[in-house]
Amino acid sequence: MNVLWLQSGGCGGCTMSMLCAETPDLLGMLADADIHFLWHPSLSEESGSEAVSVLDRCVSGELPLDVLCVEGSLLRGPNGTGRFHMLAGTGTPMIEWVSKLAARARHTMAVGTCAAFGGVTSGGLNPTDACGLQYEGATPGGLLGADFRSGSGLPVINVAGCPTHPDWVIESLMALSMGEMGAEALDEVGRPRFYADHLVHHGCSRNEFYEFKASAEKPSDMGCMMEHMGCKGTQAHADCNLRPWNGNGSCTSGGYPCISCTEPGFEEPGHPFAETPKVSGIPIGLPTDMPKAWFVALAALSKSATPKRVRVNATSDHTVIAPANRKTGLK
């Protein structure tokens with residue numbers, strides 16, 4: 001399976017993330033899965049006219065293109081010309097290259113939230129008119145348009161995340177290589193369901209504190225970060241805490257709240273990332289499938305039943321009270 005990878009308006013962090021995949025030989029593993037990089041700006045030896053020749057041959061159809069991967073948002077400015085980002089040595093805006101190549105590709109994949117939804121690059125006043133391949137925030141459209149379908153009939157596959165998890169990219173490519181990713185494998189905004197059908201909350205190491213609404217009050221506290229620290233793990237679709245990054249870490253386990261970087265529009269939450277907006281003391285961002293009244297009732301009951309150990313540890317940077325030893329009665 002031939003893969004062409006382009007980098008547009010972004011930081012390159014998704015490539016750096018992929019290189020941290022838990023394998024001693026990433027390219028060897030991909031080759032074993034019949035995945036071949038035609039060109040990647042950071043991994044390939046070809047540059048200049050050699051690289052441009054690869055792109056030209058893909059556009060002409062001489063070189064079959066199975067997957068077009070785009071990392072970074074698409075810069076349409078100024079005034080729709082795309083000239084804020086010209087592909088070096090070609091005199092052609094990147095958005096034109098992407099449009100031509102997407103029309104040839106059997107599959108088109110957005111690598112990271114910038115390419116999927118616009119991401120950080122599209123935040124603020126967005127002077128570059130940045131957007132995603134097929135979305136502008138949560139609104140279908142983007143560079144290719146809401147009705148775009150690649151040669152396989154699929155919309156853009158949005159492997160969202162900032163940066164995206166290396167496993168999400170690799171498993172998506174492998175699924176495509178094996179012909180096992182159809183429309184049913186994508187959620188309503190085009191994310192692969194193998195990771196998007198989970199919440200960051202699943203597997204969070206702070207879940208005992210969440211259960212009792214024992215909340216962290218400042219950075220470094222061990223408690224749940226939803227009530228005060230802006231954590232959106234109960235709303236963000238991703239399996240970060242079920243498959244830790246580099247086999248060990250995640251944002252929440254590292255002491256930083258989930259800012260829902262896999263979701264459209266995460267870059268502009270309307271409040272500081274590490275603060276929870278509230279109305280009458282109740283967080284606005286409640287768990288995705290919990291009515292407000294349920295949350296208020298359960299939170300009150302949970303807090304009234306919080307063990308001293310959990311309550312004290314929640315506002316400490318280390319375990320102050322260890323779990324008690326109690327005989328189970330089992331032999």
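**Exercise 1. How many cavities of 30 Å³ or more does a search of the whole structure find?**

Ground rules first. This is a predicted model, where local features need pLDDT of at least 70, side-chain atom pairs count only at pLDDT 80 or more, and totals for chains, interfaces and linings use all residues. Residues are numbered from 1 along each chain as its sequence is written, and side-chain values use heavy atoms, leaving out hydrogens and water.

Step 1: a cavity is a set of points on a 1 Å grid over the protein atoms alone where a 1.4 Å probe fits but cannot get out. Step 2: the search turns up two.

**Exercise 2. Work out which side of helix 3 is buried.**

Step 1: pick out the buried residues (under 20% relative accessible area, 1.4 Å probe, protein chains only): A51, V52, V54, L55 and C58. Step 2: check the arc, taken from the directions from the helix axis to the C-beta atoms. They cover only 150° around the axis, so they sit on the same side of helix 3. Step 3: look at what they pack against: strand 1 (2–7), strand 2 (36–39), strand 5 (86–87) and helix 4 (94–104).

**Exercise 3. Find what V98 touches.**

Step 1: contact means heavy atoms within 4.5 Å. Step 2: skipping residues up to four places away in sequence, V98 touches L6, L68, V70, L74, L133 and L143.

Terms used. Buried < 20%, exposed > 50% of the residue type's maximum accessible area, 1.4 Å probe, protein only. Helix = DSSP H or I, 4+ residues; strand = E, 2+ residues; numbered from the N terminus. 1 Å grid on protein atoms, 1.4 Å probe; cavity = no way out; pocket = protein on both sides within 12 Å on 5 of 7 lines; lining within 4 Å. Points joined across faces, edges and corners; volume = space filled by probe spheres on them.
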